[in-house]
Amino acid sequence: METGFIYQNTYLAAKVYQDMKNGKKPEDTQAPEEDGIFLDKITEKVPVSPKDMTLEEYKEYFNEKVEALYTHPSQKDMNWFIDITDAAYRRMQADPAYEQKVLDLLAKNKAVNFGSYAPRFAYTHIGDTMEKCYGYTQGIRDEYRRARRLAAKRRDELEQQRKQRRKELLKKYLKKRAEEKELRRKLLEQHFKKKRLERDRQQRVWVNKRLLLKASNAYEANIMLEESAEEKARIAQMAEERSQQQDMLREV
């Protein structure tokens, strides 16, 4: 099957035709010298309609219409391949309604918002009936893959940061727990030390009291013993004096 591909050089004759529709003179449209003979041939047919064009002229005319279609910004770096058969060109040239259907189909495809998932290229085949028209996209742009890799790397970095943060928080928590435990140990040690010192003080006071009591009792006992010895000595002396007195009376 003989096919044609769009996105060739702009068809200057179609421009001449559009200029004539807008009321401009053919001489107002400038063209390279090599196209002069061809343009002269076309301008001889002005006014011209698509049905009056040759197939090659109509291809350029239709391709210019396709180039003028709105393209969504998400497709700006896509490679578009539109394959239109000669039979389709002839059908559109003879049937303006079919031409409009094809333009609507292409306009719909070119207006698709792929977002961040734009494919590398899109292929559209146009036949002489709508049933023979089909298309597909293939590949994913390297930028998308790179964006996915960067996003995955960023997620990994964030996960590592979260793990590191949790590790630091756990370390600080364990350190704080250890400090609190050490503080409680010191406080308990101080508490028991104070109790031990107080117990020792009370014990020393009690021992001192016992010692004082014993010393007091011993002192009183010594005093009583001394008084008893003196009394005995005095009684013995009195007895001895009485004995001497009796002896003296006997001698008399």
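User: What percentage of the 252 residues in the chain do buried residues make up?

Analyst: Buried residues make up 22% of the 252 residues. A residue is called buried under 20% relative accessible area, exposed over 50%, and partly exposed in between, with a 1.4 Å probe and protein chains only. This is a predicted model, in which local features need pLDDT of at least 70 and side-chain atom pairs count only at pLDDT 80 or more, while totals for chains, interfaces and linings use all residues. Residues are numbered from 1 along each chain as its sequence is written, and side-chain values use heavy atoms, with hydrogens and water left out.

User: How do you know how many helices and strands the chain has?

Analyst: Helices (H or I, at least four residues) and strands (E, at least two) are DSSP runs, numbered from the N terminus. The chain has six helices and four strands, in the order β-α-α-α-β-α-α-β-β-α from the N terminus on.

User: What makes Lys 59 and Asp 86 a salt bridge?

Analyst: The term requires a side-chain nitrogen of Lys or Arg within 4 Å of a carboxyl oxygen of Asp or Glu. In this pair the closest N and O atoms are 2.8 Å apart, so the pair meets the definition. Because Lys 59 lies in helix 3 (residues 55-67) and Asp 86 in helix 4 (residues 86-94), the bridge ties together parts that are 27 residues apart in sequence. The whole structure holds eleven salt bridges.

User: Which residues does Glu 99 touch, not counting residues up to four places away in sequence?

Analyst: Glu 99 touches Tyr 58, Tyr 61, Phe 62, Lys 65 and Met 92 on that count. Contact here means heavy atoms within 4.5 Å.

User: What makes the nonpolar surface patch, and where is Tyr 173 found?

Analyst: Leu 170, Tyr 173 and Leu 174 make a nonpolar patch of about 310 Å². Patches are made of residues with over 30% relative accessible area and no salt bridge; like charges are joined within 9 Å, and nonpolar side chains (Val, Leu, Ile, Met, Phe, Trp, Tyr) within 5 Å. The areas come from the Shrake-Rupley method with a 1.4 Å probe; for residues, only the protein chains shown count as cover. Tyr 173, in helix 6 (residues 142-251), has a relative accessible area of 45% and is therefore partly exposed.

User: Which residues lie nearest the centre of the largest pocket?

Analyst: Trp 80, Asn 109, Thr 124, Tyr 136 and Thr 137 lie nearest its centre, among 14 lining residues. Strand 4 supplies the largest share of the lining, four residues. A pocket is, on a 1 Å grid over the protein atoms alone, an open set of points where a 1.4 Å probe fits, with protein on both sides within 12 Å along at least five of seven lines; lining residues have an atom within 4 Å of a point.
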